[in-house]
Amino acid sequence: MNHTKGPVVNEQQQPQTSPGARPVPPGRRGADWMFGGVYGTVLASGLLAALDQKGGDFTPFYDASWVLVTAATAALAHGYAHHMASHRQDSASHRWRLLVLALWHEWPMIAATLPTVLLLVLSGLVDWDSYGVTAVGLGLNTALLFAWGSVVALRVGYRMTSALLIGLADATIGLAIIVANAVIK
């Protein structure tokens, strides 16, 4: 018989709660931040490439606002979808707390778009041309994808070589967007 306080742990080290206890969502780890960071950076790159229209007016402040609004909307939708996918029969107040927590955990997606937003705002202030902004933004985001992958892989326990390969794999997504942007335009 177990006389210790706290959750009982089974063979797989999964906590079991008593029948009336409310389960606590698992803590966020570096891999979850990486997901939001990579997703937000890819989203920002795709929007940056799509909003830059050859021959069209360059509207960096408008574009920056759309990148930010789209990131916030995507983060809310993603957090809500995760919440609904793990829906349990709990009290309404507990479900609302879990929803707020799920939405809060999406902040890396929004934060990952901020370099692109700031680049667009800066380009509007200094009257930078759209081609240069798009090229620098896509290059910056590709470097950020490499950093997201490498740093978070190191944080969750990968060795340096593996972490750099993971960063390279993430950067390949950015390179694919650069190639698609060049081919489509």
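**Before you click**

What you have loaded is a predicted model, in which local features need pLDDT of at least 70 and side-chain atom pairs count only at pLDDT 80 or more, while totals for chains, interfaces and linings use all residues. Residues are numbered from 1 along each chain as its sequence is written, and side-chain values use heavy atoms, with hydrogens and water left out.

**Stop 1: the whole chain**

Switch to cartoon and colour by secondary structure. The protein has six helices and two strands; helices (H or I, at least four residues) and strands (E, at least two) are DSSP runs, numbered from the N terminus. Going from the N terminus on, the order is β-β-α-α-α-α-α-α. Now colour by accessibility: of the 185 residues, 32% count as buried. Buried means under 20% relative accessible area, exposed over 50%, and partly exposed in between (1.4 Å probe, protein chains only).

**Stop 2: helix 4**

Select residues 107-126, which make up helix 4. Where does this helix kink? Look at Leu114, shortly before the proline Pro115, where there is a kink of about 35°. The bend at a residue is the angle between axes fitted to the seven residues ending there and the seven starting there.

Try the distance tool on the end C-alpha atoms of helix 4: they are 29 Å apart, which agrees with the 28 Å that its 20 residues should span at 1.5 Å a residue. The expected span is 1.5 Å times one less than the number of residues.

Stay on Leu114, which counts as partly exposed at 36% relative accessibility. For the buried residues of helix 4, show side chains on a few, among them Pro108, Met109, Thr116 and Leu120. Then step just past the end of helix 4 to Asp127, which has a positive phi of about 55°.

**Stop 3**

Next pick Val151, in helix 5. Val151 is exposed, with a relative accessible area of 53%. Draw a C-alpha to C-alpha line from Val151 to Leu164: 13 residues apart in sequence, they sit 8.5 Å apart in space.

Carry on to helix 6, where 25 residues reach 36 Å from first C-alpha to last, close to the 36 Å expected at 1.5 Å a residue. Its buried residues include Gly167, Asp170, Gly174 and Asn181.

**Stop 4: the ring pair**

How many aromatic pairs are there to find? The count comes to one aromatic pair. Rings of Phe, Tyr and Trp (its six-membered ring) pair if their centres lie within 6.5 Å; planes under 30 degrees apart count as stacked, over 60 as edge-to-face and the rest as tilted. Select Tyr62 and Trp66: their ring centres are 6.4 Å apart and their planes at 70°, so the pair is edge-to-face. The two are four residues apart in helix 2 (residues 60-85), separated by about one helical turn. Tyr62 is partly exposed at 48% relative accessible area, and Trp66 is partly exposed at 40%.

**Stop 5**

On a 1 Å grid over the protein atoms alone, a cavity is a set of points where a 1.4 Å probe fits but cannot get out, and a pocket is an open set with protein on both sides within 12 Å along at least five of seven lines; lining residues have an atom within 4 Å of a point. Grid points are joined across faces, edges and corners, and a volume is the space filled by probe spheres set on the points.

There are two cavities of 30 Å³ or more.

- The largest cavity holds about 40 Å³; select His83, Ser86, His87, Arg88, Asp90, Arg95 and Leu98 to see its lining.
- The second largest cavity has about 30 Å³, and its lining includes Leu51, Gln53, Phe58 and Ser130.

Finish at the second largest pocket, with a volume of about 290 Å³. Of its 14 lining residues, the closest to its centre are Asp52, Tyr131, Thr134, Asn181 and Lys185. Helix 5 (130-155) and helix 6 (160-184) are the elements that give two or more residues to that lining, and helix 5 gives the most, with five.
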